[in-house]
Amino acid sequence: MGKGICSINNLKKTVRYLKKNGISHAYYAAKERIEEEKKEHYHYAEPSGTVLEAQRRESATCQYLFSIVVPAYETKEEFLREMIDSVRRQSYAKWELVIVDAGSSDAVERIVEQILTETEETRIRYRHLRDNKGIAGNTNEGIGMASGDYIALLDHDDFLTPDALYHMAQAVQDKKRQGTMPALLYSDEDKYENSGRYYTDLHRKCGFNLDLILSNNYICHFTAVEANLMKSLYLRGKYDGAQDYDLVLRVVDSLWKRVPVSALENFVVHIPKVLYHWRVHEESTAGNTASKTYAYEAGKAALADFCAGRGWDVEVAHSLHLGFYEISYKPALMKVRPEVGIVGGRLLDRQRRICAGAYREDGACMYEGLHKEYSGGRTHRAVLKQDVSAVDIRCMQVGSALRPVFEEITGLPYREKTIRCKNRSGEAEQQIADVSGLCCDEAGYRKLSMELGRAARQMGYLVLWDPAITCEMNKC
C-alpha cells in the first residue's frame, strides 16, 4: 500500500514538472527517477540496545545540554507521541524538550500533560502560546525558553534516531579537542513513509560546501546551532516556510565575517549518520512538494537577501527543480567573488555523458558517466554549483592571482579562448584557459588539474564547479 502511494506521489511530481519545465526536461527527469528507483535498496537499522547502553555510559560525563525546540500546531496524537518518545529514548541524557503550542485547541496540551504524569519526565517543558505568530515566531518563543548550550530544531511530525544527540555531543567534543567549537551541526536524514511504515530516500550529505548551500538547503535536518549564536539571530518571520534555510545562511554569513572562507568547514560540522526521520504524509512537504510552494519563494528571497548582504551584484532565480536556486552573477562570478580562484565546468564524451570536470581529493571524477540531461538523483547535485577539490584544466577559467601558478604548473602562458554554453536563457559565452599547447594523455590532464586545484586551495581560494559550463569532447 505504501509503495503504491509513493508511486502516485511520483506521478504527480512528474506531471507538475512537465507543466513547469516542458516535455524534454520532464522525460529525462522521469527516466532518471525510474533508473534510480531500480537500484535503490535502503534500510534503516536502529542501533541495538547494547550499543545505546554503551553510548549512555560513554557520554555520561559530557556536560553539553541540548535544547530541542518543537513548534506544535494541532499535532496528530500519533505523531506527537512518536516525536516525544524519540527524544525520551535518546542515549545521551543531557537534553531538554521545549514544546511551544500555537494550536487553538487543548489537544496537544492534554497529551503532553498525560505523558508527564505517566513518566514523571522533568526534561520536557511546555507552553501554550496565546497567539499564533507563524512558524518562525512560534519557534522563537521556544528558542527564548531554551537553556541549553546548543539549540536543535525538530518538526512536530518528525522524529529522531535514538543516538542523535549522542553523535551531536561527540562531534562537539571532537572539535573542541581540535581547538574549535562548532557553530552549527547537521546530520544525514531519511524519510519515513507513514502510510507504509518504512524508511526511504536516504539523504547522504557532504561536508560543508559554501556554493552548494547557495544552491539548495542541503543541510536541512537534523540541525543544532550554538545557543548564543541562535539567540543573536532567531528566526525571521518574513521567510516563513524557509526560515531554517534563512537561519543557515545567516549563520554562514556571521561566521564568514570572522573567519576565512576556507575555515568555514571547521565551524559548520557534518555528522555522516542518519539522525533524523522526516515523516511523509499528505500534508507534509516531504510527501508533496507542491503543498508548500510559498516555502520555495521564501527560500529564493532568503538567498537573495544573503547575496545582497554580501554586496554581490546577482540575480537569484528558481532552477528546474523546486527548492533549488540559480545565482547569476553580474558581472562575471570571479569579479563579484574574489574568494573564488578557479571556475570550471564539465566535459562530455560522444555519448553526451560526463567524462571529466569536477574532482574529489583522491582524483576521482564526480558524476562520471552521468548523462548530460540527468540531474544526479533526488538531490540534483550534478546540476548545482559547488566547491570541489579541482576542476579539469581543459574547461576552466583562472583568476588573476592564480595565473602565475597556472603558468608554472603547465609551462604555458595564460591565455583564454571563448566557448559557447547553453543554459536556460539560451546560449552564453564563457572564457576558459587555452591549453591547446599541452600534449597529455587523460592521466596527464587530471594530474595537472589536481595540482592546480591543490595550489589554489592552499592559497585559501575556492575552486568552484559550474555544470552550466560545458565542453564537448571528441573522446575521453
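Predicted model: local features only at pLDDT ≥ 70, side-chain atom pairs only at ≥ 80, totals over all residues.
View 1. Start here to get your bearings. The chain runs to 476 residues, and 55% of them count as buried. Take the contacts between residues at least 6 apart in sequence: 73% of those join residues at least 24 apart.

**View 2. Thr223 in strand β8.** Thr223 sits in β8, a strand covering residues 223–226. Its relative accessibility is 10%, under the 20% cut-off, so Thr223 counts as buried. A polar atom of the Thr223 side chain lies 2.4 Å from the backbone oxygen of Cys220. Now look past the neighbours within four places in sequence: Thr223 is in contact with Ile151, Ala152 and Leu153, and also with Leu184, Leu185 and Tyr186.

**View 3. Helix α10 packed with helix α11.** This one zooms in on a helix pair: α10 spans residues 243–256 and α11 spans residues 293–309. Their axes are 9 Å apart and meet at an angle of about 10°. That angle is under 35 degrees, so α10 and α11 count as roughly parallel to each other. On the α10 side, the contact is made by Tyr245, Asp246, Leu249, Asp253 and Trp256. From α11 come Gly299, Ala302, Leu303 and Phe306. Sort the contact residues by class and you get six nonpolar, one polar and two charged.

How values were computed. Residues numbered from 1 in each chain as written. Heavy atoms only, no water. Buried < 20%, exposed > 50% of the residue type's maximum accessible area, 1.4 Å probe, protein only. Contact = heavy atoms within 4.5 Å. Helix = DSSP H or I, 4+ residues; strand = E, 2+ residues; numbered from the N terminus. Polar contact = N/O pair within 3.5 Å; in protein donor to acceptor, adjacent residues only side chain to side chain. Axes fitted to C-alpha atoms, helices over the stretch in contact; angles between N-to-C directions. Parallel < 35°, antiparallel > 145°, perpendicular 65-115°, else oblique. Nonpolar A, V, L, I, M, F, W, Y, C, P; charged D, E, K, R; others polar.
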